[in-house]
Amino acid sequence: MKPFTSGDITIPTALVTGGTGFVGSHTIELLLQRGFQVRCLVRRTRSNLGWAEGLPIEIVRGSYYDVDSLREAIGSADYIFHIAGVTKARKPREYSNGNVLSTRNLLEAAATNRKLKKFCFISSLTATGPSIDGKPVDENSPCNPITTYGVTKLEAETICQLHANRIPIVILRPPAVYGPRDQDSLGIFQWASNGYIPAMGGKEKTVSLIYGSELARAIVDATVSERTTGETYFVADPNAYSFSETMAKVASMVGKRARTLVFPKWLLYGLAGISEAASVFQSKPPVLNIEKVRDLVQKSWVCSPRKLEDHIGFRTQVSIEDGLRRTLEWYKEYGWL
């Protein structure tokens, strides 16, 4: 991809991975709004363009396991936004291939582009793990991931850091992301719309959250800033939220009086075991598995976004009430709820 030049104006170019998905599509839309020329890397085996369908972007087919195809996809892009990753899988190897090997190969390909201004890797709060004492973790907190997904995200971060002497890199760790187009948070809205609040392992749980388009803004702002090179950041709303109170807000929005249903740990692990056994006969990974339960029963998934605010002034602008309402309205409009 060559920068487009018109007179004295050079239009910045960007390669986006994961652009067919929830966060990636929001990121592409924001890049287009800011005047970027965007190229979206799509797997050769993917049959549709998802949420990237119809956007004025260049689509390039390639494989994360073919460095030459990645090198061709990158070309002379000014920025690379590596948003793609594997969040659900049957085996640890699938997580490793989708999160670690793919990142390594993309970095190797990117290293040949001497015009590259920044490589942005989207990691996860799970790379650090839950808060042990209920206080928000920060970039100085020790990393203790408790799932294979978190372990592979941390491994990918390490690979990014090993390439930092060859490539300008920034790493972002978002917590749970919600908003229009997101399928993962749909279940929470379905529970609340039926008047129930599922308490996994106990009634008290606190979480950090970020609205999808706000995360996209953080991704773009952090990537184009020279201040962020070589840094790792958490990106989230400044406030932590009670999970039960957040769900009660959604229930109230649909006119329901929510009742709490407590699912003890032993029951959740039992259901996860059954789900994993049944998934042998299914083509997709199970929605509930042992590692997912281990994630769900943690009391505190909270992080501090202070460092990102201090470095580039980023602060979320969509309140939790507005974000939940917009998401709920979108789900209804598109017939998901």
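This is a predicted model: local features need pLDDT of at least 70, side-chain atom pairs count only at pLDDT 80 or more; totals for chains, interfaces and linings use all residues.
Reader: What other partner does Tyr331 pair with, and in what arrangement?

Author: Tyr331 also forms an aromatic pair with Trp336, and this one is stacked, with 5.8 Å from centre to centre and 15° between the planes.

Reader: Which residues make up the aromatic cluster around them?

Author: Trp330, Tyr331 and Trp336 belong to one aromatic cluster that also takes in Trp51, Phe189 and Tyr334.

Reader: Where does the charged end of Lys307 sit?

Author: The charged end of Lys307 sits over the ring of Tyr233, at 5.0 Å from the centre of that ring.

Reader: Switching to helices, what angle do helix 5 and helix 7 make?

Author: Helix 5, which covers residues 186-193, packs against helix 7, residues 243-253, at an angle of about 65°, and their axes are 8 Å apart. That angle makes helix 5 roughly perpendicular to helix 7, and the crossing is right-handed.

Reader: Which residues meet there?

Author: From helix 5 there are Ile188, Phe189, Trp191 and Ala192, and they meet Phe243, Met247, Val250 and Ala251 of helix 7. Phe189 is also a member of the aromatic cluster with Trp330 and Tyr331.

Reader: Tell me about Phe243, then: is Phe243 buried or exposed, and what is it in contact with?

Author: Phe243 is found in helix 7 and is buried, with a relative accessible area of 19%. Once its neighbours within four places in sequence are left aside, Phe243 is in contact with Ile188, Pro198 and Lys205.

Reader: What about helix 2 and helix 3, how do they cross?

Author: The axes of helix 2, residues 67-74, and helix 3, residues 92-110, come within 8 Å and cross at roughly 55°, which means that helix 2 is oblique to helix 3. The contact is made by Val67, Leu70, Arg71 and Ile74 on the helix 2 side and by Asn105, Leu106, Ala109 and Ala110 on the helix 3 side. Here too helix 2 passes helix 3 in a right-handed crossing.

Reader: How far is Arg71 from Ile219?

Author: Arg71 and Ile219 are 22 Å apart in space, C-alpha to C-alpha, and 148 residues apart in sequence. Ile219 lies in helix 6, residues 212-224, and is buried, with a relative accessible area of 0%.

Reader: So what is Ile219 in contact with?

Author: Leaving aside its neighbours within four places in sequence, Ile219 is in contact with Val23, Thr27, Phe81, Ile83, Cys120, Ile122 and Leu172.

Reader: Now the loops, where is Pro238?

Author: Pro238 is in the loop between strand 13 (231-234) and strand 14 (241-242), and it is partly exposed, with a relative accessible area of 36%. Beyond its neighbours within four places in sequence, Pro238 is in contact with Pro305, Arg315 and Thr316.

Reader: Last one, what is the phi of Arg181?

Author: Arg181 has a positive phi of about 85°, although it is not a glycine. Arg181 lies in the loop between strand 9 (176-178) and helix 5, and at 15% relative accessibility it counts as buried.

Notes
Residues are numbered from 1 along each chain as its sequence is written. Side-chain values use heavy atoms; hydrogens and water are left out. Rings of Phe, Tyr and Trp (its six-membered ring) pair if their centres lie within 6.5 Å; planes under 30 degrees apart count as stacked, over 60 as edge-to-face and the rest as tilted. A charge sits over a ring if NZ of Lys or CZ of Arg is within 6 Å of the ring centre and within 35 degrees of the ring normal. Axes are lines fitted to C-alpha atoms, for helices over the stretch in contact, and angles run from 0 to 180 degrees between N-to-C directions. Helices (H or I, at least four residues) and strands (E, at least two) are DSSP runs, numbered from the N terminus. Angles under 35 degrees count as roughly parallel, over 145 as roughly antiparallel, 65 to 115 as roughly perpendicular and the rest as oblique. A crossing is left-handed if the near helix is turned anticlockwise from the far one by less than a right angle, and right-handed if clockwise. Contact means heavy atoms within 4.5 Å. Buried means under 20% relative accessible area, exposed over 50%, partly exposed in between (1.4 Å probe, protein chains only).
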